[in-house]
Amino acid sequence: MPTTLADIEDMIARIALGDRNAFSALHDATSAKLFGTCLRILKDRAIAEDVLQVIYMKVWRHADRYASNGTSPMTWLITIARNSAIDRLRRIRATAEIGAEPDENLPASGPTPEQAAIARSEAGKITECLDELEPDRAGAVRGAHLDGLSYADLAQRHAVPLNTMRTWLRRSLQSLRECMAQ
Amino acid sequence: MTDPPLSPDLPDDRQLAAEYVLRLLPPDQHATFEARLEAEPALRAQVAEWTTRLAGMNAEFPDIAPRTAVKSALRTRMFGTEARRRRPSLLQRLGLWQGLSFASLALAGVMAWQLAQPPAPTTPAPLYVSEITAEDQSLWLLAVYDSGTAELRLTRTDGSAPAGRVLELWGIKGDNAPVSLGVLPDAGASSVVLPDPLRGSVTDLVLAITDVPLGGAPGGNPTGSVLAVGHGDRTVTRHTTKKGGPAAHPFECLIKRRRPRTPAAAPRAPCDPARH
């Protein structure tokens, strides 16, 4: 895709001024990534489509907040997408009282070799640093970030007590931070 | 369940920020943390740090294109249905003008110009001629106003609306809000009788064209947020933005107005944000 981060930043700036053409262009340039994000977390196409619309409405409304946000434009967009998808996931669970049974349809928690390669090249150190963790700890961090799993979900998935999972996660995050600071 | 003691070696706020970014905090703590964010820049910096730190994993989110219908649904949801109102009655094609070539139009323009010179006693009410062009010349209209009948005749000589959009004509008198003069037909000529407030001296009348969803500007009202300066549908015509080039101005208003009697008149900026 020829669209650069600078292009996306430019689109967001124009959206903040109410430019619908820029909004349309941003949608075309980024909707595949954001939809993939929703689908990974929600695992339901219809719900993901609805959340995708909510995401772009948020982008339209809050584009003026981007400048002071301190992250790259794609990170900003994916964060909105991820948070919106997770919020929806939790709401669905709360109303449907499904409880913590997210595991059945989950894809493998690890990346494919290709994804890992992309992640390594694009993302700098985090993949490397995740690799330094115990595989199940790294899997828990990935599950939280990529699948939007809660502590309870993760505890169930990894068959450990909730408090153990909390400790795992916190230690893992601390290790990640130290590793990435090197 | 009881919370375990906080990990001794991870400072509390940093840990909270990480858990906040991952959406791991229980709802009440999440809300508390969010409230603190408003007031604490240092905490916001922690959140930004963790967001960036963890963003490397985002590469594992796949690219999956959504159905195109999703985008149309979004547009409808945000900007209204596209077939809400058409106002063809405001602008009807004028048979006489259809099929006129550009050459004959140019001639008509010259004649109109001559008619606009100091009127002889036998001269009918003055005609005024104006061009409406986009800066990038992607749209070009000739407007002739007959002050006797208050009829504005428009002939599009070049350009068209982007797919799925229509061109809406606006009249702006002095510092007043723009008045919609209706949606232009897809091609050729049309005419509209100017409403009272726009009549009289038309030398300070500015004509602007915006591209809007099918059916006209949402709300149909030239005032209010729909037409707030900078909104994309104020765009006069298609932009010719180049990727990587300078940012396109989100709107480009008018354009050129030739005054029959005062050729030195300075062009004005009808869509100057300060005016709205």
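**The largest cavity and its surroundings**

Helix 4 (73-96) of chain A and helix 3 (41-55) of chain B each supply at least two residues of the lining of the largest cavity. Helices (H or I, at least four residues) and strands (E, at least two) are DSSP runs, numbered from the N terminus. This is a predicted model, in which local features need pLDDT of at least 70 and side-chain atom pairs count only at pLDDT 80 or more, while totals for chains, interfaces and linings use all residues. Residues are numbered from 1 along each chain as its sequence is written, chains are lettered from A and ligands numbered from 1 in the order in which they are written, and side-chain values use heavy atoms, with hydrogens and water left out.

A search of the whole structure finds 5 cavities of 30 Å³ or more. A cavity is a set of points, on a 1 Å grid over the protein atoms alone, where a 1.4 Å probe fits but cannot get out, and its lining residues have an atom within 4 Å of a point. The volume is the space filled by probe spheres set on the points, with grid points joined across faces, edges and corners. The largest cavity holds about 60 Å³ of space. Helix 4 of chain A gives the most to its lining, with 4 residues. By class, 4 of the lining residues are nonpolar, 5 polar and 1 charged; Ala, Val, Leu, Ile, Met, Phe, Trp, Tyr, Cys and Pro count as nonpolar, Asp, Glu, Lys and Arg as charged, and the others, Gly among them, as polar.

Buried means under 20% relative accessible area, exposed over 50%, and partly exposed in between (1.4 Å probe, protein chains only). In helix 1 (residues 12-21) of chain B, 7 of the 10 residues are buried, so this helix is largely enclosed by the rest of the structure. Just after helix 1 of chain B, Arg23(B) takes a positive phi of about 60°.

Asp13(B) pairs with Arg36(B), their closest N and O atoms being 3.0 Å apart. Asp13(B) lies in helix 1 of chain B and Arg36(B) in helix 2 (residues 27-39) of chain B, so the pair ties together parts that are 23 residues apart in sequence. Asp13(B) is partly exposed at 28% relative accessibility, and Arg36(B) is partly exposed at 24%.

Salt bridges that share partners also join Arg40(A), Lys43(A), Asp147(A) and Arg157(A) into one network. Asp147(A) sits in the loop between helix 7 (135-146) and helix 8 (151-157) of chain A, and Arg40(A) in helix 2 (residues 20-42) of chain A, 107 residues apart. Asp147(A) is buried at 1% relative accessibility, and Arg40(A) is buried at 10%. Over all chains, the count comes to 17 salt bridges.

Technical notes. A salt bridge is a side-chain nitrogen of Lys or Arg within 4 Å of a carboxyl oxygen of Asp or Glu. On a 1 Å grid over the protein atoms alone, a cavity is a set of points where a 1.4 Å probe fits but cannot get out, and a pocket is an open set with protein on both sides within 12 Å along at least five of seven lines; lining residues have an atom within 4 Å of a point.
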